[in-house]
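Colleague: I would like to learn how to read helix packing, chain contacts and overall chain shape from a model. Could we take these one after another?

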Amino acid sequence: MESVAIELIGITKRFPGVVANDHVNLTVMENEVHALLGENGAGKSTLMSILFGSYDPDEGTIKLRGKEVRIKDPNAATALGIGMVHQHFKLVHNYTVTENIVLGIESTDRFGMLDLSTAEKKVAALSEQYGLKVNPRDRIEDISVGMQQRVEILKTLYREANILIFDEPSAVLTPQEIDELMDIIRRLKREGKTIILITHKLKEIKAVAERCTVLRRGKLIGTVNVADVSEEQLAEMMVGRAVKFEIEKGPAKPGKVLLDIRNVTMKNSRGTRGVHNLSLTVRSGEIVGVAGVDGNGQTELINAITGLSPIDSGEILVNDKDISCMTIKERIRSGVGHIPEDRHRHGLVLDFSIAENMVLKNYDKEPYSSRLGVLDYAAIVDNAEGLIGQYDIRAGEGAAMKASNMSGGNQQKAIIAREIALSPDVLVVAQPTRGLDVGAIEYIRKRIVAERDKGRAILLVSFELDEIMNLCDRIAILSKGEIVGVFNEGEVDEHQIGFLMAGSVKNATNVEAGR
Amino acid sequence: MRHNGQRRNLRTLLMTSDGALSVMVVLLGFLCGTILILLVGRNPSGMYKAILQVLTGYNIDRGRFYVRYVGEWLAQSMPFILCGLSMAFAARVGLFNIGGEGQYVVGLTVAQFVALLGPQIPVMHWVLALSLAMLAGAAWGGIVGALKAKFEVSEVVATIMLNYIALYASRIFVMKIPGTNTYKTPDFPVTALLRSEFLERLTKGSMLNLGIIFVVLSVIVYWFVIEKTRLGFALRATGLNKEAARCSGIPVVRSIIFSMAIAGAFAGLAGGIVSLGSFKFGRVLAGNDGYGFAGIAVALVGNNTAPGTALAGLLFGMLSSAQPLMESNRIPKEITFIIQGLVVVFIAIRAGFRIFIRYSMKKSAIKETVIDE
Amino acid sequence: MSSILSKIPTILMLVSPILITATGGMVCERSGVVNIALEGLMVFGAFAAATAHFFLEPVLGPGSIWVALLIGSVAGLVFSYIHAFASISLNADQTVSGTGINLLANGVTIFLAQVFFKQDRTKQFMLGMMPGPGGIYPTAYIALAVILSVWFMLYRRRFGLRLRACGENPQAAASVGINVLKIRYIAVLLSGVLAGLAGGCLVLTTNTQFNSTTVNGHGFIALAVVSFGRWKPEGIAGASLLFGTALAFSIIANDFSILRGMPTEVFNIMPYAITLLTLVLFSGKNYAPRAAGKPYEKGAS
C-alpha cells in the first residue's frame, strides 16, 4: 500500500499581469518518480518554487505525509526533507565542491573555527553511497557541467533530503550525460527517495517517470500513468492541440558559397582555447547546423563571424570578401545578419521603443537619418509599423511601445523582423527558440526555412538536438573548439552525434553567477 | 471617497513621473534642512526670506524690490547648470562623471592663461579663451572616457584622482605666470572680460554677464544632440544597453570617449565663464569651487534631461546666491551643501520611494474594497 | 640608508588609516556592496574624533584619544547605516547613494563646526596621539590588528565563508538559507566603523584639528587599494604601503636636497597620479567579487 508523500491542494500564485498557478492540485506518492510536464511558462517551476519555499502561495495548502505544513523559506523546506536541484546551478564558482556543499550548514571545531576536513570525509562517503563521482577538493569552475550537477544533488543528500525536485536537469547535458542522469535517478529511487522531475522532454519522462502531471498556462490538465500514454498524447496535453514535431521542409537547393570560414583559431574570454583551426562553409539556400554542448566554442564561433571578438588566425569570407578585420558595422553592411542567443543582452535595448530597436543597425543611414545627422522619427516609426504588421508582432501600444513590455516570443519576432529586413546574405542564428512557447517556436522555425528558400545562407547554432535535426540540411558537430564531423541530413542519428559530442570539454559552466 | 481618489492620483503621478518625484525629493530636502536649522536653535524663516528675495528681488522685511539679487541668482546659476549638463551628458551614456570639478578647474586655468597671455582683441579675446577652456575640459574628460572604454578603469575613481591632479597642477602652472603671488595673478585686460554694460544696467550692478548666452545655447544644444541626432541615438543606446549597442555595430568605445569629452567641455566652459565673468583677475586656487560636485546633484534632480537640469541648476543657483542673505539672518551657509547631499541621497532611494508608494497603494486598495462592500 | 629608515614612522603614519579603511572596503565589496562613501565616512569619523578629543582632553588627559577614536568609529557606523539602508533595503544605485554620503559629509561636518566652534574647522586640541617606541604611532598596530582579524574572519570562520559567497553568487547563498541582506548590512556597517576609525586615526596623528582638507581623497585612495590589492588581505597590505609611501613623499621630500627645489604641489600630485597609473596598468576587473555592485533581488531563478 503506497502512501502519499506530498499533496499540493488548490495552489494559486499570481504575479503582476499573469496567473502562474491557477488552483493546481498535485499528489506525489512516496518513493515514486513523478514528472511535471509543461511548456515554457506553464507554471511548473513556480509550483516547485512554492514547494521549496522560495515563494508563498496566494491560496492553497501543502500537506507533507498527511500533515499540513507552511514552508516559508528554503531553510524550512530543507528541514522538512525537501531538496531542490536547480536548473541554473546555485554554486559559487571559485569555491571547492566541499565548500559549496556545506555552505549554510558548516561544521566547526571546538574553537568555532571552520572545519572542512570532517565535511570532506562526509562528502566522499555520500558520493560512494549514491554513485555520484566527485572530487571534494575540485573547484567548481574547473569541473564539467555533469559533475556540477552531481554537486547540486549531493547538496540535497548532505542535508538528508528524501524528496528531491529536479528542475529541467537535462537542459545542459550531452545525450550520454542524460543517460547517466537517468541512471542516477533510478538509483536514488532504489535508495528510497521520492523524485519530482520538472521537464518538457517527453523522452525522459518515458524513460524514467512513473506518473506525470501536465500543466498548461498555469492550470492543471491532468495526471496520467506514463506507461499508459504515448509521447504524442503527452505533447497534446501539454500544448492543447495536435503538435507537429517535424517542420515541413522542402529539399535544399544550395548555390554558391556565401560564408567561408577558413582555419580560424581564437581564444575564449578566459584566455584558453576557444576554437582551433575551424573550417566550415555555408552555401546560399542551405541551413547548416552547429551541434554541441554549450562551452565548446559556439560562442567564440559566433563572435568571430559577427565581429564581437577578434580572431588570432584564419580568414572569414562573406560573398568572397574577407571580413575578419572589419568592424561590426562594416560586417553588417557586408551582409552578415545575427539573431543573438540572448535577446535581452544582445538583441534589444529594452528601454528603447520598438521603433528605435528596429533601426538599431541602420539608424545612421537615410531615410532614418539626414546627411547632417538629424533623425527622422516619422520614417523610423513608419518602418516599425510596417514590420509589426508584416510579422504579426503583438505590440499592444504600437511602435512607440517600450520593448520591455513585449512578450518573449514577440521580442524574438521583432529581432528576426529587423534582421531579415536588412537582407543579409548570411544569417547567423543562435538558440532562436529558447524560452518560447510552442506557437512562437513553430512560427520562427517556419520563417528560418522561408529565408533559406529565398537564397540566404543560414548558420544555426543550437543546443536542442531536435531543432538541429529537424531544421538543418547539414550538421556540423563542435567539440573542444573543433569540428569533429560534418554530415548531410539523414546521414546521422542522435546517438552518433552524442558520441561525437562526448569528447566534449570539461570547462563548460552553467553557474548562474549573480547575473 | 473623493479624498481617496485624489490621493491615488498623487501616488500614480509619483510612480510614473520622474519629474514629480524630483520635486518631492527637493521639498523633502528643504524640509530636512528646515528641521536641522530648528534643531540648532536658529530661525528657519531666515532661509526662506533669503530665497524669496533672490528669486524675485523682493525683500519682505523692507518691502522693496532689489533687482540686483535676481541678476545675481541668474549669474550664479550658470556654473550649476553647465556642470549639471556635464554630469547629465555622461550619465546618458551610462557613466558616472564625478570629474566635473577637475574639468572645471582645467577650463578655468586655461581661460586665465588665454586672458593674461592671449591677443587683446575685443570679443575675440574672450571667445578664444572660452573655446580653449572648452577644449581643455573636453581633453580632461576624454582621458577618463578612454581609460574606461579601453582599460575598464572605473570612471568613479579615475575622475576623483584627476580632480586632485587638476587642482594641484593648476596651482603649479598659474603661479608660473609673471606677476602672480600666492593667491592672485595680475588683472585681466578688459578685452578678456565677459562683462556686458547692458546686462549690468538691466540688473542694477549684478554679476550677470555674457556667459548667460552660452548657458542657454548649451541647454539647447544638449537637448538637440541627445534627442534629435544620430550621435544622441548612439549615445543613448550605449548608455541603456552597451552590449546590444555593440552588437548592432554602434562604436561603443568611441561613443564613450566622445561623450566624456563633451561632458568635460560643458564643465570646462563653466570654469571659463566663472573666471572671466565673475572675477577681474586670475586666481591661484586654494581649493575646489564646488560646482563640479554640485553638478552631480543638479543632474540627478534634473533626471539627466535638458529642461530638468536647467531648472535644477536654477534651484541650486538660488540656494547659492541666497547664502550671504542667509548668513545675515544667522543661518550657516553650509545648509545649502547639506540640502544638496540630502537631495542626492533621496534621489538614490528613488526606487525605495516607489516601493513605499506601491505598498501604500496596495493597502488603500484593500481598504477601498472593504468599504465598497 | 639610515635616512630612509628614519622615514618609516612617517610612512606608517599615513599607511595606517588607508589600510584600515581599505580593509573595511574589502569586506564590504566581498559581500557584494560597493562602498564609494568611504571618503565621506572617514570625514565623519575624523570630525567626530577631533571634536570629541577637543572637548574631552581637558577632562580625560591622554586617555581621551581612545575615547575619541571610539566616537569616530561610531560616527562612521551611524552614517554607513544610511548607505546600507539605501542600497540594500531599497536597492538604490550604490554609486549614487555613496556619492550622496560624500556630499553630505562635507556639508554636515562644516555646518556642525560652525555651530560648535563658530568657524569652518574644529578648534585645535592640545596633543594628538603620541608616537610610541621607534617613533611609530599606535595606529600602525591598530591597523595590523585590523587586517589580521579580518583575514581570520574571512577565511577561518563560518561567517567569512558565507560573506564571500554573498559577493560571488548571492542567489546560491540564499538558496541554502543564508540571509544575504543581513550579511551585507553587517559588512557595510563594519566598513563604516573601520572608515570612521581610520578618519579618527588620521586626524589625531597628522594634525591638531579637523578642516575640509583633512581627509583629502584618502578614502578614494583606499578604494583603489582594494582594487589594486585584488580584494585580498595580503594584496591590500602591500598596496597600502605603496600608496602610503607616495602620500608621505610630500612630507619627507624636504629631507632630500635634490628634491627640495621642486614645488610642493608636485609631491601632492604624486599619490593621485600613482593611484591612477596603477588602476590603468592593473585594472583587475576579473578579480572583483562577481556580484559586487549589483543590487540583490530576492526571487527564484
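Predicted model: local features only at pLDDT ≥ 70, side-chain atom pairs only at ≥ 80, totals over all residues.

Colleague: Which residues make the contact of α3(C) with α10(C)?

Modeller: From α3(C) the contact draws on C:Leu38, C:Glu39 and C:Met42, and from α10(C) on C:His218, C:Gly219, C:Phe220, C:Ala222 and C:Leu223. Sorted by class, the residues of the contact of α3(C) with α10(C) are five nonpolar, two polar and one charged.

Colleague: At what angle do the axes of α10(C) and α11(C) cross?

Modeller: The axes of α10(C) and helix α11 (residues 233-252) of chain C cross at roughly 135 degrees and come within 8 Å, which makes α10(C) oblique to α11(C). The crossing in which α10(C) passes α11(C) is right-handed. On the side of α10(C), the residues that meet α11(C) are C:Ile221, C:Val225, C:Val226 and C:Phe228, and their counterparts in α11(C) are C:Ile236, C:Ala239, C:Ser240 and C:Phe243. The contact of α10(C) with α11(C) divides into seven nonpolar residues, one polar and no charged.

Colleague: In chain B, is α3(B) roughly parallel or roughly perpendicular to α4(B)?

Modeller: The axes of helix α3 (residues 45-56) of chain B and helix α4 (residues 67-92) of chain B come within 6 Å of each other and cross at roughly 90 degrees, and that makes α3(B) roughly perpendicular to α4(B). In this pair B:Gln53, B:Val54, B:Leu55 and B:Thr56 of α3(B) meet B:Tyr69, B:Val70 and B:Trp73 of α4(B), a contact that has five nonpolar and two polar residues, with no charged ones.

Colleague: Turning to the contacts between chains, how many residues of chain C are in contact with chain B?

Modeller: The size of an interface is often given as the accessible area lost when the parts come together, but here I can describe it by residues. For this pair, 39 residues of chain C are in contact with 39 residues of chain B. On the side of chain C that touches chain B, at least two residues each come from α4 (64-89), α5 (94-117), α10 and α13 (264-281), and α5(C) provides the largest share, 15 residues. By class, that side of chain C has 23 nonpolar, 13 polar and three charged residues.

Colleague: And how many residues does the contact take from chain B and from chain A?

Modeller: That contact takes 15 residues from chain B and 22 residues from chain A. On the side of chain B that touches chain A, α10 (230-240) and α11 (242-247) of chain B each supply at least two residues, and the residues of that side are seven nonpolar, four polar and four charged.

Colleague: Finally, how compact is chain A for its length?

Modeller: Chain A contains 17 helices and 20 strands, and its radius of gyration of 25 Å is close to the 24 Å that the globule rule gives for 515 residues, so chain A is as compact as a globular protein of that length. The C-alpha trace of chain A spans about 75 × 50 × 45 Å along its principal axes, and 48% of the 515 residues count as buried. Among the contacts in chain A with a separation of 6 or more, 69% are between residues 24 or more positions apart.

Key: Residues numbered from 1 in each chain as written. Chains lettered and ligands numbered in written order. Contact = placed C-beta atoms within 7 Å. Helix = DSSP H or I, 4+ residues; strand = E, 2+ residues; numbered from the N terminus. Nonpolar A, V, L, I, M, F, W, Y, C, P; charged D, E, K, R; others polar. Axes fitted to C-alpha atoms, helices over the stretch in contact; angles between N-to-C directions. Parallel < 35°, antiparallel > 145°, perpendicular 65-115°, else oblique. Left-handed = near helix turned anticlockwise from the far one by under 90°. Rg over C-alpha atoms; globule rule 2.2 N^0.38 Å. Buried ≥ 20, exposed ≤ 12 C-beta atoms within 10 Å, placed from the backbone.
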